[in-house]
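Please go through the sequence and structure shown here together with the briefing that follows. The points are grouped by topic, so that each can be checked against the structure in turn.

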Amino acid sequence: MASQTITGEAEVNRDDALYLEGLAHLQAGEFAEAIRCFEALSPETVAAPTVRRALDEARFKARLDAKTTVRAKRWLFPWRLVLVRGGIVLILVIFAIVAVNLLSRQAAPMWAAAQAERQAADLMKRGDAFLEANKFDEAEAAYRRALSIRADYAQQVEVALKQVEAARELAALYNAGVALQQAGDLAAAQQKFTEVMLRRSDYRDASARIVEIRRQIELEALWQRAEAAYGAGRCTEAIQGYEDVRALNAAYKKELLSRHLFDCYLRLGQEIVRRDPPASELVGQALNYFVQALALQPRNPEAVAAQQAAAAFLAGQAAFEAGRWEEVVSALAVLHARQPGYLKGAYLPLLYEAHIHIGDNYLKAEDYAMAWAQYNKAATLPVADKVVAQARLMAIEQKLTPTPTPTVTPTPTPVPTATPLVLPKALLSPTPVAPLSSYRNQILFWSDKEDEPGLWVMNPDGTNRRYLGNRGQLRKEYEDLLKKEALSPDGRYRVYTTKDKWDTNPQVYIQGPVNEWGQAPTWRVSEGLAGTSYDPVWSPDGSRIAFVSQEGRSDDIWVANVDGTNLRNCTPNDWEWDKHPTWSPDSRRIVFWSNRTGVKQIYIMDADCRNQRRLTDTQWDEYDPLWVK
């Protein structure tokens, strides 16, 4: 039984192997071998549907193979197709050769002409660029090269070459002007640049050079006039000339100008204090001269002594008018000790009276010794009338203790050692005897400085600040000068601020002289502005009006021609205030105050609204400038 089982398993394994081998032959197209393998299977295996299908497929393909005869493949060359295509290619080649020949005969010259046109046009453009850059040789070469390429450019090149020649001549003229200007021959240089401008008004910087030369010529003329006046001893005229020179160019011959100005200021002050008969009412003006001299040479001993003497006299005079006798003596006694002949002795009566009043006060207090000392000082002064002092001395001698009667013979007052004159601050308060109009080409302004509030004056560059005081007379003079700012140079026209029935905001108007019908014609300068406009001032050359307008969100400085044209905002701001414009005497600059730093300060700018810069730099307000004309 066991042996039968083993035999059955062996047959199964053999059938599997034959079946797999038959399938391999079938797939390889070896149909006879496949049939042999399938038929060798056991009857049970052959009866299986899968095996039966494989056997049938092998027999079918074997029969089909046996019936099919395979013939050897013959190669057939497509002569007709080759001949047709070859003919087409040959025709195309012939056509291409003919077309190329045609192009070479007709299109090639056209192509060459187009290339020449482009090249010539490029050369003309390069020539124009060289001409614009003042490279005349390169420009001429480019134009001539264009002509050599295209003869039909003859007219165009001829025009361009003429332009080159004209530009070359213009450049030579300009360069000659520059050389003359650098050599200092200003008149000849101006003539050259004027010729340049006649040929081409916008040529390089010729216009600016003409303006600069005119300024230089004007500067030199001002200098020569000032020097002539200085040499002739006309110091007032010389000072005006030198100040005009400084206003035009502060660096021009600065050292020599400073020396001559110092000498003139000192000389004018000394002329006043040395007058005979004395002019004590002009000492304030002399003090101003000495102060300006010291601004130029702060340590000059002669100017220091002259300034101290004038200040002492004015301080004593002011104290005398106020009845402050001790202050009179404090100022004038030192003056008498150091300069006993000052003002031809004009201060002596004041000192004499002060000693008498002080003595009288001591006498009332029954301090006879101190009273006698004051009367004795009065009696020793070289005044013409000593009767009061001598009478007081004789009367008081009886009240003194019996001691040898002191002599009343005048004896020289001991001269104190040379120490700086120190006056009480109250005595140093300015006494502006000199009129404000004498500060020509200087800037007046108001300051809120705590210990020196009131009116100040300074140079146009912000230097040489001096305190003038805070008296009512000063303000009146200032207001009078301010009113003149609204008048035309000939005084016939007036600029003002008012309202009309159509306008709810004040605006700037000009009023002319009364005509034959008794009417004064007026016209509006701030035409087109809706914001309030005010503080108008007329330029000294008569051509423009500066004023303040609230056209935007702030108060700004505006400038316009007298007829209202060329209206321009010089200081456009968001919130800042720029107010109170005032023109320089030459109409080239405008001074105003602004709170743009949070504190009111004085600023300056050119008349064309450029180069704005600050003149004062303090922690307190300084405002309402007025440039004295």
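Pro 277 is found in the loop that lies between H11 and H12. In this predicted model, a cis peptide bond, with omega at about 5 degrees, joins Asp 276 to Pro 277.

**Packing of H11 against H12**

- Helix H11 covers residues 254-273 and helix H12 covers residues 283-296, and their axes come within 8 Å and cross at roughly 155 degrees.
- Because an angle over 145 degrees counts as roughly antiparallel, H11 and H12 are therefore described as roughly antiparallel to each other, and their crossing is left-handed.
- On the H11 side the contact includes Ser 258, Leu 261, Phe 262, Tyr 265 and Leu 266, and also Leu 268, Gly 269, Gln 270, Ile 272 and Val 273, while the residues they meet in H12 are Val 283, Gln 285, Ala 286, Tyr 289, Phe 290, Gln 292, Ala 293 and Leu 296.
- Sorted by class, the contact of H11 with H12 contains 13 nonpolar residues and five polar ones, with no charged residues.

**Packing of H7 against H9**

- H7 and helix H9, the latter made of residues 206-231, pack at an angle of about 25 degrees, and their axes are 12 Å apart.
- This angle makes H7 roughly parallel to H9, and H7 passes H9 in a left-handed crossing.
- From H7 the contact draws on Tyr 174, Val 178 and Gln 181, and from H9 on Ala 206, Arg 209, Glu 212, Ile 213 and Gln 216.
- The residues in the contact of H7 with H9 fall into four nonpolar, two polar and two charged.

**Packing of H15 against H17**

- H15 and helix H17, which spans residues 387-397, have axes 10 Å apart and pack at an angle of about 25 degrees.
- H15 and H17 are therefore roughly parallel to each other, and H15 passes H17 in a left-handed crossing.
- The residues that make the contact are Tyr 352, Ile 356, Asp 360 and Leu 363 of H15, together with Val 387, Val 388, Ala 389, Arg 392 and Ile 396 of H17.
- By class, seven nonpolar and two charged residues take part in the contact of H15 with H17, and no polar ones.

**A loop residue with positive phi**

- Leu 343 has a positive phi of about 55 degrees, although Leu 343 is not a glycine.
- The location of Leu 343 is the loop between helix H14 (325-338) and helix H15 (348-364).

**Salt bridges**

- The count of salt bridges in the model comes to 32.
- One of them is formed by Glu 169 and Arg 199, whose closest N and O atoms are 3.7 Å apart.
- Since Glu 169 belongs to helix H7 (residues 154-183) and Arg 199 to helix H8 (residues 186-199), the pair ties together parts that are 30 residues apart in sequence.

**The sheet of E7 to E10**

- An open sheet is formed by four strands in the order E7-E8-E9-E10, and the pairing is antiparallel.
- Its edge strands are strand E7 (533-538) and strand E10 (568-569), each of which pairs on one side only.
- Strand E8 (residues 544-549) and strand E9 (residues 556-561) run antiparallel and are joined by six bridges, and Ala 546 has Val 559 as its bridge partner in E9.

**The sheet of E11 to E14**

- Four strands in the order E11-E12-E13-E14 make up an open sheet, in which the pairing is antiparallel.
- Strand E11 (578-583) and strand E14 (613-614) are the edge strands here, each pairing on one side only.
- Strand E13, made of residues 601-606, pairs with E14 in the antiparallel sense over two bridges, and the bridge partner of Ile 604 in E14 is Arg 613.

How values were computed: Residues numbered from 1 in each chain as written. Predicted model: local features only at pLDDT ≥ 70, side-chain atom pairs only at ≥ 80, totals over all residues. Heavy atoms only, no water. Axes fitted to C-alpha atoms, helices over the stretch in contact; angles between N-to-C directions. Parallel < 35°, antiparallel > 145°, perpendicular 65-115°, else oblique. Left-handed = near helix turned anticlockwise from the far one by under 90°. Contact = heavy atoms within 4.5 Å. Nonpolar A, V, L, I, M, F, W, Y, C, P; charged D, E, K, R; others polar. Pairing = 2+ DSSP bridges. Salt bridge = Lys/Arg side-chain N within 4 Å of Asp/Glu carboxyl O.
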